[in-house]
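Here are my notes on this model, point by point. Please read them with the structure open.

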Amino acid sequence: MASTIDLPEASGETTFSLELTQDQKDVRDWVHGFARDVVRPAASEWDEREETPWPIIQEAAKIGLYGFEGLAQFFADPTGLGLPIVNEELFWGDAGIGMAIMGSGLAAAGIFANGTGEQIGEWIPQCFGTADDPKIAAFCVSEPNAGSDVSALRTRAKYDEATDTWVLNGQKAWATNGGIANVHVIVASVDPELGSRGQASFVIPPNTPGLEMGTKLRKHGLRASHTADVFLDDCRIPGSCLLGGREKLDERLARAREGRKSRGQAAMATFEASRPTVGAQALGIARAAYEYALDYARERVQFGKPIIENQAIAFALADMKMEIDAARLLVWRASWMGRNQKPFRNAEGSMSKLKAGEVAVWVTERAIQILGGNGYTREFPVERMHRDAKIYTIFEGTSEIQRLVIARAISGMQIR
Ligand SMILES: Cc1cc2nc3c(=O)[nH]c(=O)nc-3n(C[C@H](O)[C@H](O)[C@H](O)COP(=O)(O)OP(=O)(O)OC[C@H]3O[C@@H](n4cnc5c(N)ncnc54)[C@H](O)[C@@H]3O)c2cc1C
């Protein structure tokens with residue numbers, strides 16, 4: 001027999017709301033306008049050119065969408081929804097151009113997560129340059145033999161006491177903006193025996209000798225975003241470029257050597273903070289493909305009626321919409337938790353990125369199916385959206401690694 005629950009009278013006032021504030025709606029509409037009028041019309045061209053879309057970055061910088069101040073303002077939203085809203089709208093326009101605009105944010109997040117107040121003030125603005133002269137930044141963790149397994153990094157940073165400099169040697173792989181960035185943030189090992197606990201993040205100032213771009217990669221999707229290997233060959237940087245400073249590093253290494261717990265690893269601190277935002281990017285792609293497929297299904301006539309009048313198509317669209325909305329709730333929850341320093345006890349950041357990434361791949365594939373032959377051609381954007389979506393199950397932690405993180409968090413066990 002069903003039991004009854006005594007509910008308190010609704011007071012008409014509540015602290016919980018999923019309704020966006022007027023400011024959030026204004027930001028959303030402003031970014032949407034830029035995505036619709038500037039980004040989307042240029043998407044196909046830059047996808048074909050496979051080049052960084054500098055004119056669009058410059059336009060974004062002029063209106064304050066690209067730059068340190070803009071980022072700080074989006075981040076400042078106390079609900080945590082500023083960044084996901086902006087990212088979803090921009091990536092709705094196009095993911096390749098979106099990543100060219102937002103890719104620098106990962107380096108900024110790396111500095112923010114690991115740097116001192118002084119370092120944050122010095123280096124984050126240099127990641128973006130100015131409205132008249134925008135620059136870009138790169139965050140380089142992955143290496144040819146260390147992707148998911150960050151503890152296997154071989155790039156080495158050695159301290160030279162005599163000159164108070166660090167010397168970096170190694171190879172970074174798949175770096176967004178790698179080699180063409182003004183500022184590179186490099187995660188390197190200072191004590192290889194300690195694995196990921198012996199790593200630290202370093203800023204490589206602009207034009208530092210010893211940092212060279214390797215192969216620029218030709219990709220399946222996200223082609224307007226530059227991806228390349230980066231070589232560090234006796235790359236010497238001032239001691240002050242160690243993020244967080246020497247004292248904090250020595251303390252952390254000492255704890256690790258004694259087998260005591262430490263607060264976190266250099267790369268992981270960045271990824272924890274950025275996962276919901278990355279999930280929001282995937283959501284933008286998914287929503288764009290869903291909307292395109294919905295319009296198409298209303299217009300396309302077969303057997304004398306619009307194809308949406310077939311349940312098979314209408315139900316697919318219903319599921320697409322539901323999955324996108326479900327993913328957004330996970331993204332918003334994790335963003336709110338991150339901004340309000342709520343611990344991710346059940347790996348809520350990973351959940352949001354995993355769900356949004358897989359939804360984006362699934363929805364864009366469904367969109368191609370709904371467009372039929374047209375969907376498979378480059379004359380229609382869902383083909384590009386599908387190629388772009390795929391990266392969201394790979395970078396910033398593959399789907400398998402996200403599941404590992406969630407499984408460990410919920411079980412407290414060393415799942416392998
Ligand atoms: C377009 C693009 C942009 C990128 N940008 C950056 C960037 O800016 N900075 C940066 O540092 N990196 C960047 N990367 C690198 C990206 O983060 C890595 O490719 C990703 O972490 C996966 O590593 P990997 O490619 O070495 O795959 P691998 O680690 O070799 O994994 C291969 C497969 O094995 C699976 N696997 C591995 N280990 C396990 C396990 N324990 N359990 C179950 N399955 C497992 C993986 O899930 C995957 O399916 C980028 C990559 C791309 C393609």
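**Notes on the ligand shell, domains and helix packing**

1. Start with the ligand. By class, its shell has 12 nonpolar, six polar and two charged residues. Keep in mind that this is a predicted model. In total, 20 residues surround the ligand. The closest are G147, S148, T176, T398 and E400.

2. Which elements build that shell? Strand 1 (137-140), strand 3 (165-176) and helix 13 (399-411) each supply at least two of its residues.

3. Now the domains. The protein is divided into three: domain 1 (22-102), domain 2 (137-257) and domain 3 (266-411). Where does the ligand sit relative to domain 2 and domain 3? Both domains give residues to the shell, so the ligand lies between them.

4. Next, domain 1 against domain 2. Their centres, taken over C-alpha atoms, are separated by 27 Å. Domain 1 puts 10 residues into the contact, and domain 2 puts in eight residues. On the domain 1 side, helix 1 and helix 5 (95-102) are the elements that give two or more residues. Helix 5 gives the most to this side, with five residues. By class, the domain 1 side of the contact has six nonpolar, two polar and two charged residues.

5. Helix 1 also packs on helix 2. The axes of helix 1 (residues 22-49) and helix 2 (residues 54-62) come within 11 Å and cross at roughly 170°. Angles over 145 degrees count as roughly antiparallel, and helix 1 and helix 2 are therefore roughly antiparallel to each other. From helix 1, the contact uses F34, V38, V39 and A42. Helix 2 answers with I56, E59 and A60. By class, this contact has six nonpolar, no polar and one charged residues.

6. Helix 3 and helix 4 make another pair. Helix 3 (residues 68-76) packs on helix 4 (residues 82-93) at an angle of about 120°. Their axes are 6 Å apart. How are helix 3 and helix 4 oriented to each other? They are oblique. F74, F75 and A76 of helix 3 meet G82, L83 and V86 of helix 4. By class, the contact of helix 3 with helix 4 has five nonpolar, one polar and no charged residues.

7. For checking in the viewer, two places to begin. At the ligand, look at the closest residues, among them T176 and E400. At the contact of helix 1 with helix 2, look at F34 in helix 1 and E59 in helix 2.

Note on methods. Residues numbered from 1 in each chain as written. Predicted model: local features only at pLDDT ≥ 70, side-chain atom pairs only at ≥ 80, totals over all residues. Axes fitted to C-alpha atoms, helices over the stretch in contact; angles between N-to-C directions. Helix = DSSP H or I, 4+ residues; strand = E, 2+ residues; numbered from the N terminus. Parallel < 35°, antiparallel > 145°, perpendicular 65-115°, else oblique. Contact = placed C-beta atoms within 7 Å. Nonpolar A, V, L, I, M, F, W, Y, C, P; charged D, E, K, R; others polar. Near = placed C-beta within 6 Å. Domains from an automatic or database assignment.
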